[in-house]
Amino acid sequence: MDVINYMQETGQQAREAARILVNTDTSTKNNALLHIADVLLERADWLKTENAKDLVAGRDKGLDAAMLDRLTLTDKTIAGMAEGVRQVATLADPVGTITDLAYRPSGIQVGKMRVPLGVVGIIYESRPNVTVDAAALCLKSGNATILRGGSEAIHSNQAIASCVRAGLEAAGLPTACVQVVETTDRTAVGELLRMPQYVDVIVPRGGKSLIERVSAESRIPVIKHLDGICHVYIDDQADMDKAIRVALNAKTHRYGVCNAMETLLVAEAVAAEVLPPLAEQYTAKGVELRGCERTRAILPACIAASEEDWSTEYLAPILSIRIVADMAVAISHINHYGSHHTDAIITENYTRARAFLRQVDSSSVMVNASTRFADGFEYGLGAEIGISTDKIHARGPVGLEGLTSQKFVVLGDGHIRQ
């Protein structure tokens, strides 16, 4: 395959499809989404068969447990993908919405209209569900998309792509609305990053090295996050039952995900009360604990934490623990060591909760809830193409609105400027 020519053709087709999508009505887009969901369920057994090929190859290559977990398709995950697509179909279509329409002294009306970004390029690793999540969100928001998954999921991604194409065809839309790159050649990534004439925005989803490469090489704007170093702070006015429940879930619900807690911060006044029962439950689940000196005084079996631990995304059953004097120190720690992804406070003090929400500089900030809720599906977005820790355009889980922009619209009746 001539990869450069192939990618250029893919980009041209995506741009042409985007011109069609911008004029496609909501009912047609929803019809395509519902067909895609149906086909995913109809072909579930085949999807698992294709996925099994990737799992065998992954084990042979020595992929770690977290990577294999993200790669695996089950009946539950396929049903979840279909449900996510259906939920996107029920969401309000942002395209064409006009807001802030107001008369100016000149007599003209000025407002803002939501419009698609155009063509979205998505580069991702491991998780085949990203293929359908991204396809659904881009389709509903009127964007064509070029998807380039990792080589470890090539069979799974191509199988899902066939389901998406079937849904598009059933609704009378061009299959070029969603294209999944068929080659695993890394040259395809480089070429995708150098096609501003065809691609309007790049979204990388994967490990730090991938995102750093995309950020460094792309000639196209990038929506990204590098790490998911998430914190839970247990305040000295926390309900301890809530604290234990949330802190356990935030770490152990799933390990290989960006919204899992990596550092637990505990107010010194309650550390001796809450840490022993928490440590007992973490140990029962096989979580390795690494703590500061004060933590080790309470939990002697805890390994000494290094400076590096505070800024490490483990994506594994490892947790760093630090005892802090108060909320101010906790916030300082989070803003210094965190990745601006998701952080939570457990407290019954309303004033402190409000202060935490204002002062923690992260894309999602929570009160008395697990960091695992930082997810497009849980936020009611239907699905997400990623979580952005950038501060411009989109921040947090990127759903439909994050895949649109705004343009000014002016309504007049023969008005001229005096």
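A salt bridge here is a side-chain nitrogen of Lys or Arg within 4 Å of a carboxyl oxygen of Asp or Glu. Asp45, Lys48 and Asp75 are joined by such bridges into a network, and a search of the whole structure finds 20 salt bridges.

A word on the source: this is a predicted model, in which local features need pLDDT of at least 70, side-chain atom pairs count only at pLDDT 80 or more, and totals for chains, interfaces and linings use all residues. Residues are numbered from 1 along each chain as its sequence is written, and side-chain values use heavy atoms, with hydrogens and water left out.

**Salt bridges**

Side chains of opposite charge can pair when their charged atoms come close. Here are some pairs to look up in your viewer.

| Pair | Closest N and O atoms |
|---|---|
| Lys29 and Asp93 | 2.8 Å |
| Asp38 and Arg86 | 2.7 Å |

The Lys29 and Asp93 salt bridge runs from helix H2 (residues 26-42) to the loop between H5 and S1, so it ties together parts that are 64 residues apart in sequence.

Asp38 is partly exposed at 32% relative accessible area, and Arg86 is partly exposed at 28%.

How do H5 and H6 run relative to each other? The axes of helix H5 (residues 75-90) and helix H6 (residues 129-140) come within 10 Å and cross at roughly 10 degrees, which makes H5 roughly parallel to H6. That label covers angles under 35 degrees; axes are lines fitted to C-alpha atoms, for helices over the stretch in contact, and angles run from 0 to 180 degrees between N-to-C directions. Contact means heavy atoms within 4.5 Å, and the H5 residues taking part include Met81 and Val85, while those of H6 include Val132 and Leu137.

**Backbone and a buried loop residue**

Asp100 is not a glycine, yet has a positive phi of about 60 degrees. Asp100 lies in strand S1 and is exposed, with a relative accessible area of 59%.

Asp227 sits in the loop between helix H9 (208-217) and strand S7 (230-234) and is buried at 15% relative accessibility. Not counting residues up to four places away in sequence, Asp227 touches Lys208, Glu313, Ser339 and His341.

How values were computed. Helices (H or I, at least four residues) and strands (E, at least two) are DSSP runs, numbered from the N terminus. Angles under 35 degrees count as roughly parallel, over 145 as roughly antiparallel, 65 to 115 as roughly perpendicular and the rest as oblique. Buried means under 20% relative accessible area, exposed over 50%, partly exposed in between (1.4 Å probe, protein chains only).
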